[in-house]
Amino acid sequence: MASVTFKDVRKAFGTVEVLHGVSIAIEEGEFVVLVGPSGCGKSTLLRMLAGLEHVTAGEIWIGDRVVNALPPKERDIAMVFQNYALYPHITVAENMGFSLKLKGVGKAEIAERVRPAAEILGLSHLLDRYPRQLSGGQRQRVAMGRAIVREPQVFLFDEPLSNLDAKLRVSMRSEMKNLHQRLKTTTVYVTHDQIEAMTMADKIVVMHDGAVAQVGAPLELYDRPDNLFVAGFIGSPAMNFLTGHIEGGDARRFVTGDGHVLPVGRPGTAAAGAELIYGVRPESFHLGGDVPLTVDVVEPTGSETHVLARLGKTEVTCVFRERIAARPGEEIRVGIDPESVHVFDAKSGERVSA
C-alpha cells in the first residue's frame, strides 16, 4: 500500500477550469471518501489519479512517485466502476483473474490468487458461473475481487454501489468496510451519498464547485462544519437554517427575522446585529420548551418521528424519539439543545461560533 497526495491539482477543459487547486494528503492504509454533489469535481479527481484524465497543473503522488506522466497500467492501482464492467462470456473466476492473464501470469498462480479473494468476498461457490447468472451485489463483489487479485497499492472506487437497491447498498457498505479492515489497502472512494461517506470513511473530503470545502473524520465534519455548505450537506435529514442576528446585549440569544429568540451555547466572534445564519440539526430539538412550531406534516418511521413544521415563515424539520399525535395546523412547543447550535456568517458562509 502507499500514500496518495494531491498538490495544488487543477483541471481545465478548454477555458473552463473545473478543479481549482486541490490539495489532499491520504495516508497509507486510509479509507478516504470524496463526497459532494454532481459536478463538484470528485469523479474527475479520481480519474486523474487513475490516469484516465490529464492533469492540467499540479502534482499527483502515489507513494514517493509523481505519476502525472505515467500511464494507468504503471500506477499500481485497481479501479472498481459503477457498472461492474464484467466480461459476459467468461466465468467469475476468469473475470477475477483476467488482468493477471494479460500480464502473462501462469494459470496456477492466477488460481492461487483468485481463491483467497473469492473466499474473502463469499464467491467461492460462484466461480464457475457467468455474470448473467449473478445478482447485482454478486457482480459488484466480482468486480471488487478482480481488483483484489491485482494486489495494488491503491484501490479506487467510483460510486460502486449506486446501481444497487437500498437494502443491498446497506449490506455492501458493511462488506466493503470489513474488506478494508482486513486488507488495509489505501482506498479512495467517490460517492454523492453522504450516508456512505459517514459510515465507511476514516476521512472525508467534502468537495464543492471544484474545490475542497472541508477535510476531516466523519463525526468531526458532522459536529463542527466549517461552512454552510458542509453543514447542509453532511447529515440526514439536513440541518435547518434560520436567518437573524445575535441580540446586542446577550451573545447567547439569537433573534430570527420573525422575532423568535433561540438559544446559542457557544458565543462566537460575530458582531451584535450582523446578519447571521442559525444552524440546528433536526435531532437537536426536544419536546417541551419555549419555541412555538406550527405542524405541517408528521412522518412516523417507527423508531423516530419526523415533523415538518414552521417557525414563523421558515420551514424546519425535527426528529423526535417520542411518538407524536399532533395534527397539521396544531402548535407544539419545543426546546433546542444550545450546545449543538451552529452560527455562520450570512455573507461568507463561514462558521463564526466558537
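**Ground rules**

I worked on a predicted model in which local features need pLDDT of at least 70 and side-chain atom pairs count only at pLDDT 80 or more, while totals for chains, interfaces and linings use all residues. Residues are numbered from 1 along each chain as its sequence is written, and side-chain values use heavy atoms, with hydrogens and water left out.

**Entry 1: the annotated span**

I began with the UniProt record, an unreviewed entry, whose annotation "domain: ABC transporter" covers residues 4-234; UniProt positions are given in the numbering used here, feature names are shortened, and annotations may be inferred rather than shown by experiment. For residues 4-234 I noted that the end C-alpha atoms lie 24 Å apart and that the span is 37% helix and 26% strand. Helices (H or I, at least four residues) and strands (E, at least two) are DSSP runs, numbered from the N terminus.

**Entry 2: the largest pocket**

Grid points are joined across faces, edges and corners, and a volume is the space filled by probe spheres set on the points.

The largest pocket holds about 480 Å³ of space. Its lining has 19 residues, and those nearest its centre are Ile-77, Ala-78, Met-79, Ser-99 and Arg-150. I found at least two lining residues from each of β6 (77-80), α2 (92-102) and α4 (136-149), with β6 giving the most, four residues. By class, the lining of the largest pocket has 14 nonpolar, one polar and four charged residues, where Ala, Val, Leu, Ile, Met, Phe, Trp, Tyr, Cys and Pro count as nonpolar, Asp, Glu, Lys and Arg as charged, and the others, Gly among them, as polar.

**Entry 3: the second largest pocket**

For the second largest pocket I recorded a volume of about 290 Å³. Its lining includes Ile-90, Phe-98, Lys-101, Lys-107 and Val-114. The elements that give two or more residues to this lining are α2 and α3 (107-121), and α2 gives the most, with five. The lining of the second largest pocket divides into six nonpolar, two polar and three charged residues.

**Entry 4: the sheet that holds β6**

Where does β6 stand in its sheet? I traced an open sheet of six strands in the order β6-β7-β8-β3-β9-β10, with mixed pairing. β6 and β10 (211-216) stand at the edges with a single partner strand each, so one side of each is left without a neighbour in the sheet. Neighbouring strands of this sheet are turned by 20 degrees against each other on average, direction ignored.

Two strands pair if DSSP finds at least two bridges between them; β6 and β7 (residues 154-158) pair in the parallel sense over four bridges, and Ala-78 has Phe-155 of β7 as its bridge partner. α4 lies across β6 and β7 and runs at about 175 degrees to β6; axes are lines fitted to C-alpha atoms, for helices over the stretch in contact (heavy atoms within 4.5 Å), and angles run from 0 to 180 degrees between N-to-C directions.

**Entry 5: the cavities**

I counted two cavities of 30 Å³ or more. The largest cavity holds about 70 Å³, and among its lining residues are Phe-31, Phe-155, Phe-157 and His-180. β7 and α5 (166-183) each supply at least two residues of that lining, α5 giving the most, with four. Six of the lining residues are nonpolar, three polar and none charged.

The second largest cavity holds about 30 Å³, and Leu-242, Phe-285 and Ile-336 are among the residues that line it. Strand β15 (residues 285-300) provides the largest share of this lining, three residues, and by class the lining has nine nonpolar, no polar and no charged residues.

**Entry 6: strands β11 to β13**

Lastly I followed strand β11 (residues 240-246), which runs antiparallel to strand β12 (residues 253-256) and is joined to β12 by three bridges, with His-245 partnered by Val-255. β12 also pairs with strand β13 (residues 261-263), in the antiparallel sense over three bridges, and there Val-255 has Val-261 as its bridge partner. In the hairpin of β12 and β13, with four residues between the strands, I noted that Gly-259 takes a positive phi near 90 degrees.

How values were computed: 1 Å grid on protein atoms, 1.4 Å probe; cavity = no way out; pocket = protein on both sides within 12 Å on 5 of 7 lines; lining within 4 Å.
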